[in-house]
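Here is a briefing on contacts and charge pairs. Start with the structure itself, then read the points by topic.

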Amino acid sequence: MPEMTLIEAIRQAQDEELARDPNVFITGEDVGVRGGVFRATMGLYDKYGPNRLIDSPLAEDSIVGVGIGAALYGMRPILEIQFADFIHPALNQIISEAAKMCYRSNGEWTVPLVIRAPYGGGIGGGLYHSQSVEALFAHVPGLKVVIPSTPYDAKGLLKAAVRDPNPIIFLEPKKGYRLIKGEVPEGEYVVPIGPARISRPGRDLSLFAYGMMHHYALQAAQKLESEGIDVEVVDLRTLYPVDKETILNSVRKTSRALIVHEDNLTGGYGAEIAAIIADEAFTDLDAPVRRLAGPDVPAVPFSHPMQDWFMVNPEKIAAAARKLAQW
Amino acid sequence: MDKQTGLKLYHEMVLIRRTEEKAAELYQQGKIGGFLHLYIGQEAVSTGLISARLPQDRVITAYRDHGVAINCGLPAKEILAEMLGKVTGVSRGKGGSMHLADVSKNFWGGHAIVGAHLPLAAGLALGDLYQKQDGVTICMFGDGATNIGYFHEALNLSKVWNLPVLWVCENNQYGMGTAVDRASAVSQIRQKAEGYGMTNSRVDGMNLVAVREAAQKILSEIRNGSGPQLLEITTYRYRGHSMGDPERYRKPEEIHLWQEQDPIGIFRRHLLDNGLAVEAELNAEDDAVEEEIREAVIFAESSPEPQAEELFRDIYVEA
């Protein structure tokens, strides 16, 4: 099975979906001639031409608005927001338009739309090229929020997203674009949107994560294994709608839960998972539910030491897990 | 214009006005809740414009959408039922006054966020361009919307991509309570298209015939590849921005001045002067509208309200 990077899996998924369905097209800033700022669409312009790889003006709300309109028409747009940090001008289109179209029309209008956006810090991007935005969208019924952490899932989930009749926010951990490699089978497959995945079974503690933090969680779990702590790692993959069953089954088995994300703590996505566990698995717990998250500061600072203080990493995860296992 | 078309368009304009007068009454009785934005005074704009479209042309508009919905062929009874929040309404009671829509009539909705539907219109037009269809998307919005970023982005993008879209600004002189020249740097909205190299024009929106002829010409040009165009239609709303507007921003004399050139009156005279109708025929249309409204109110008031389970319906499309 060929090994590839996360970004290559994303590129390949788009290539295959463009080939499969003539209604699929891609628009966004520099997605065409330039091949995307992270090269997620590299080579696709030459292969599919300017009608299907459409370079847009620098105007995020219009990129999303046009995508919604084209999706209403019956097209299958894939939109690239160059950095998740730049998605905020488009919030109205995503929250007030895309998420509500089906509901306001009693199912008559559908918005089969994928909005891809690289997110997250740890790349020296500073305040406006490092943000995590998942909590905003995981609060909005009508949207689905997907975050892959492996090349296999990135390809399979992106292909599923393109075929899904609903608007999907597809967030890609950009630090992992070239760092994370993995096996991707040749040929057609999709990974269903919805189910979480137990990526490492364990007995002592459940570690819930997604994106880059899932990658780090696995490293932390490996480290703790040598210390005799058997960590179960769950890659959430789809944040909304969330796979409660996998989460609760895991906690019922291990009786301890640690949720990790790099977005800041307060009002973050981990709070929802903690509430679900408290609500539905309270009697199964042997310890308080813990969250390890970015600090409550407005942005990821630029300077390297400050960025390191901000970022969650395998050592911080291992320390938090160790403490919880001993509680 | 032939006699049949003349009578049909006259009927539509009167139907819009009477439907809205009835809606205002129902609102004052507390039967319609929330917000209600009346189109009275502007009837010739959408009636003339939409009479010029072909079936494949999409129409999308802002929240002042009752008239547009009627012109697109939505029945008055389903519109009134929607305003009353009934399950028989065009949006099964989920939308209300501002969110009428019916794709089967190629009416892509009223939209409540000012300016936000302009990029959607560009996307619909992109669909026609992509699929090599000859439809034109007609996107209507008020003068206030031309001050928000969406307008400028959508005009620019539509020109760059050569989209088959007709941008229609209904300039009714006020963005809510703010006069156009107090909010817009240029007093003629059409001037804004100049910055995007876009063909633009301006027409008197109290005159249905003028609107219709302008729209026919421009739609044909766009269909033949002219690229997007902007049409400014000057008009005036007689009522407040919405029900309960104290209207401190204008004087009654100003309203009376506009009412002297009432669009229904002008068109009625046009039909009579050009031998397209006689008084008795127009009176018969008036009577037919009265009866239609009477039945529509009975239908709307006697219709059931939605059941609680509707709340959780249609959040997602089942894959």
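Both A:D164 and A:K144 are buried. Their side chains form a salt bridge, with the closest N and O atoms 3.0 Å apart. The model is predicted. Over all chains, the salt bridge count comes to 42.

**Salt bridges within chain A**

- The A:D164 and A:K144 pair links distant parts of the chain, 20 residues apart. A:D164 sits in the loop between helix 7 and strand 7 (167–173) of chain A, and A:K144 sits in strand 6 of chain A.
- A:K253 and A:E232 also meet in a salt bridge, at 2.5 Å from N to O.

- In chain B, the side chains of B:R18 and B:E21 form a salt bridge, 3.0 Å from N to O.
- B:R18 and B:E21 both lie in helix 1 (residues 3–28) of chain B. They are separated by about one helical turn because they are 3 residues apart in that helix.
- B:R18 is partly exposed, at 29% relative accessible area. B:E21 is partly exposed as well, at 30% relative accessibility.
- One network of salt bridges with shared partners takes in A:E16, A:E17, A:R20, A:K155, A:K159, A:R163 and A:E188.
- Side chains of opposite charge can pair when their charged atoms come close.

**Domains of chain A**

- Chain A divides into domain 1 (3–183) and domain 2 (197–325). The contact between them draws 31 residues from domain 1 and 25 residues from domain 2.
- The C-alpha centres of the two domains lie 26 Å apart.
- Together the domains bury about 2,200 Å², with 60% of it on carbon and sulfur atoms.
- Between the two domains there are 2 salt bridges. A:D153 forms a salt bridge with A:R197, with 3.6 Å between the closest N and O atoms.
- The domains also share 10 residue pairs in polar contact.
- On the domain 1 side, the elements giving two or more residues are helix 6 (134–137), strand 6 (144–146) and helix 7 (151–163) of chain A. Strand 6 of chain A gives the most, with 3 residues.
- By class, the domain 1 side has 16 nonpolar, 11 polar and 4 charged residues.

**Interface of chain B and chain A**

- The contact takes 42 residues from chain B and 44 residues from chain A.
- The buried area is about 3,500 Å², and carbon and sulfur atoms give 61% of it.
- Which three residues supply more than any other three of the area that chain B buries against chain A? They are B:Y130, B:Y316 and B:V317, with 21%.
- How many salt bridges does the rule find across this interface? The count is 0.
- Polar contacts between chain B and chain A come to 19 residue pairs.
- Strand 2 (107–110), helix 5 (117–130) and helix 6 (149–160) of chain B each give two or more residues to the chain B side. Helix 5 of chain B has the largest share, 9 residues.
- The chain B side has 22 nonpolar, 10 polar and 10 charged residues.

Technical notes
Residues are numbered from 1 along each chain as its sequence is written. Chains are lettered from A and ligands numbered from 1 in the order in which they are written. This is a predicted model: local features need pLDDT of at least 70, side-chain atom pairs count only at pLDDT 80 or more; totals for chains, interfaces and linings use all residues. Side-chain values use heavy atoms; hydrogens and water are left out. Domain bounds come from an automatic or database domain assignment. Contact means heavy atoms within 4.5 Å. Buried area is the accessible area (1.4 Å probe) that two parts lose on being put together, summed over both. A salt bridge is a side-chain nitrogen of Lys or Arg within 4 Å of a carboxyl oxygen of Asp or Glu. A polar contact is a pair of N or O atoms within 3.5 Å; within protein, one must be able to donate a hydrogen and the other to accept it, and residues adjacent in sequence count only if both atoms are side-chain atoms. Helices (H or I, at least four residues) and strands (E, at least two) are DSSP runs, numbered from the N terminus. Ala, Val, Leu, Ile, Met, Phe, Trp, Tyr, Cys and Pro count as nonpolar, Asp, Glu, Lys and Arg as charged, and the others, Gly among them, as polar. Buried means under 20% relative accessible area, exposed over 50%, partly exposed in between (1.4 Å probe, protein chains only).
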